[in-house]
Amino acid sequence: MTNGAVLLDLDEASLSGVLEKVVDELLNKGEIRPNDRDPLLNALRQKRSQSDIGETDGAIEMQTFSVTKQRDTADAVEASVVLSGALESLQKPVVAFGRLINSVLMDSVLEAPIPVRFVFVLVGPSGRGMDFHESGRAMATLMADWVFSLEAYLAQTDKEITNAIADFMDCSIVIPPTEIQDEAMLKPIIDFQQKMLKDRLRPTDTRIYFGQKAQAAGGPQEPIEDPLARTGIPFGGMIKDIKRRYRHYISDFTDALNPQVLAAVIFIYFAALSPAITFGGLLADKTEQMMGVSELMVSTCVQGVIFSLFAAQPVLVIGFTGPLLVFEEAFFQFCKSQDLDYIVARIWVGLWLILIVVIIVAVEGSFLVRFISRFTQEIFSILISLIFIYETFAKLIKIFKAHPLKRNYDILNDTSDDPFHTVKGNVTTVVPYEFANTALLSMCLMFGCFFIAYFFRQFKNGVFLPGPLRRMIGDFGVPIAIFLMVAVDISIKDTYTQKLVVPKGLTVSNPTARGWFIHPMGKEGDFPVWMMAASFGPALLVFILIFMESQITTLIVSNPARKMIKGSGFHFDLLLLVFMGGVASIFGVPWLSAATVRSVTHANALTVMSKGPKPEIEKVLEQRISGILVAVLVGVSILMEPILKMIPITALFGIFLYMGVTSLQGIQLWDRILLLIVPKKYHPNLPYATRVPTLKMHLFTIIQIVCLVILWVIKSSPASLALPFILILTIPLRMLMTGTLFTKFQMKCLDADDVKVVLEEEPGTDVYSESPLP
């Protein structure tokens, strides 16, 4: 390299142009003869595959290296091209190193569309004791070193390049060709090398950023404001949220003028409608029709519009969730056992909720979310996913019990327009028969909807059709699955299936027991005073559930890697959400929380990706229109009863199952549960599997499983009301394990706080990989 040609900041767009300048520089320096120029240039320009092994005694081979892991934070992966081989016409070996001023996609050079930054050439006559193949491999190894590639990128002179190579050689360790009797003899060498590597690393230089990052790093940047930092002033956090977010209020509407927002609205509408209707049916079943589909859809509509208009993070989608269903069931059973009016008791719980949230926001209590580590989040996430899956199969089993498989069935009245229903007055009821094939068709519709939705998720990450078209079809996988199952159900006219029950107009689920306004003292004015005060306990439990779900969801959606620039508002959004829930109690409609899967689905649907072999986030369309439209559409769906009643309820159960099953795939706890039966040699190359002893990793997993079992037992027992309190106990449990059962380093590997953003555009992954709370 001392005598070779070093060309820095070449302005070329092709490998041929780079090689021509390299050869001319070698000629100018006297490294080759004039009559060597054309033969050398022709040999270097020959087309070759980067996968060819090459000959060590003849043809020039090409080796490439692309920094994938070390530069995965750059907005483009870059490659180095190494050309090495023998050329008999040369008098001596010659070396050249070139660096392009801008990385360039070179046609027919690499098998993947990766831009090239560095080119290295080593050519000479054979028979001089030089192995060109191994020398090329050595240079590729040199280019694989992050520190050298950084130095080569920043170098201004030839001397700096040779110094970087010398520095690399100084940190290389040569082991003599003697037999090593014990592996322990290598440990001091490993420790010594780690020390050298640590000393060799230099601080990150912003000049190494490429493309848009280089432009962004050009000037001083304002420090990122921590939305959870305490101000020490009453309501200080909420005031900061409002100042941070409301200055972008106008752009929250102008940024919605994008076709991608319309696609997101249609997609999220079905993603929000399915759980609203399904949870509504479950809620009606658990509360004996005191609240049901109509109340939940009205609540989702009204609260959704208000939240989207005024929230500090309008990308969040609010809705009813599994933990709230568990609480409503437990609270209803408690009121029933104490002979209390359930719907009236909810008013006092709601009033206490307002008081609690005002106090928490005043003292900036949202900072407590920092103590909710992945240990607790994943236990909670698995619990919710299991609730989704369990309720789906419980409903299917109920259908099989109502319509069992048997040889003979009662003969239906074929002369009737609708042999499955009878009409008496204005009331339509199901004929009390055990219908043939109902259970089997219901099962087919449920699993058909599940597998079709899952197929479209995989199709979106596949290779068929152009990318935009493929992603658009994939985004509508859920509604397509529902539509196909509706078509199948309609085509099979001689088999009964339970259809979606949607009330006609704005009527409550049980008009004889309640109305749209609930009197705080009950119909007879005899609600006990002691329960007004005792409602503080249930209110605290509801607040814990809403706090955990909403704050964790905001953490995930507002991850800095998403490049959302308008900020978020933990304090203000919590106040708005809980306050709306408290007021909603007066009207007898359910409390809502930020729904994690729906929120992250919304964020990903609004994400604009860069083009190239490794798409990255360019921006997120942060606006309020999509949330408003989704909420309005859910509310209007109450008036779409003729259309919605055609949907078989088991098709929605398939979507329910889809949300539960796919949400498991993004939970590290679930991955570690599977590792319990996977041999160690097949464990993934991740810190929790490679940096932690296997038995310690399994012990950590088993502790989480035990906690999960305890929570499930409590959920299924009369003490289910205490579920949030038991869940909170996992926080001190995690602190107790640190330093006793596990070292701090092991706990850091097993329970890392950061959440890696995973997009649906990446093969094999989707939104559920980072949003485990359905």
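The model is predicted, so local features need pLDDT of at least 70 and side-chain atom pairs count only at pLDDT 80 or more, while totals for chains, interfaces and linings use all residues. Residues are numbered from 1 along each chain as its sequence is written, and side-chain values use heavy atoms, with hydrogens and water left out.

I start with the whole chain. The protein has 30 helices and eleven strands; helices here are DSSP runs of H or I with at least four residues, strands are runs of E with at least two, and the numbering goes from the N terminus. Of its 774 residues, 51% count as buried. Buried means under 20% relative accessible area, exposed means over 50%, and partly exposed is in between, with a 1.4 Å probe and protein chains only. The accessible surface is about 36,400 Å², and carbon and sulfur atoms hold 63% of that; the areas come from the Shrake-Rupley method with a 1.4 Å probe, and for residues only the protein chains shown count as cover. Among contacts with a separation of 6 or more, 78% are between residues 24 or more positions apart, where a contact means heavy atoms within 4.5 Å.

Helix α19 covers residues 536–557, and its 22 residues should span 32 Å at 1.5 Å a residue; the end C-alpha atoms are 31 Å apart, which agrees. The expected span is 1.5 Å times one less than the number of residues. Since 18 of the 22 residues of α19 are buried, this helix is largely enclosed by the rest of the structure.

Helix α27, residues 694–715, also has 22 residues and reaches 31 Å from first to last C-alpha, close to the 32 Å expected. Its buried residues include Thr-694, Phe-700, Cys-707 and Lys-715. For Cys-707 the relative accessible area is 11%. Another cysteine, Cys-449, is buried at 0% relative accessibility.

Now strand β4, residues 94–104. Eight of its eleven residues are buried, so β4 is largely enclosed by the rest of the structure. Strand β1, residues 5–10, pairs with β4 in the parallel sense over four bridges, and Ala-5 has Ala-96 of β4 as its bridge partner. With strand β5, residues 116–124, β4 pairs in the antiparallel sense over seven bridges; there Val-104 stands opposite Val-116. Pairing requires that DSSP finds at least two bridges between the strands.

Thr-287 sits in the loop between α10 (259–286) and α11 (293–310), and it counts as buried at 0% relative accessibility. A polar atom of the Thr-287 side chain lies 3.3 Å from the backbone oxygen of Met-291. Beyond neighbours within four places in sequence, Thr-287 is in contact with Phe-332 and Tyr-342.

Most residues other than glycine have a negative phi. Phe-235, not a glycine, has a positive phi of about 60°; its place is the loop between α7 (211–216) and α8 (236–246). Glu-364 likewise has a positive phi of about 60°, in the loop between α13 (342–362) and α14 (374–402). Are these two buried or partly exposed? Phe-235 is partly exposed at 28% relative accessibility, whereas Glu-364 is buried at 2%.

Note on methods
A polar contact is a pair of N or O atoms within 3.5 Å; within protein, one must be able to donate a hydrogen and the other to accept it, and residues adjacent in sequence count only if both atoms are side-chain atoms.
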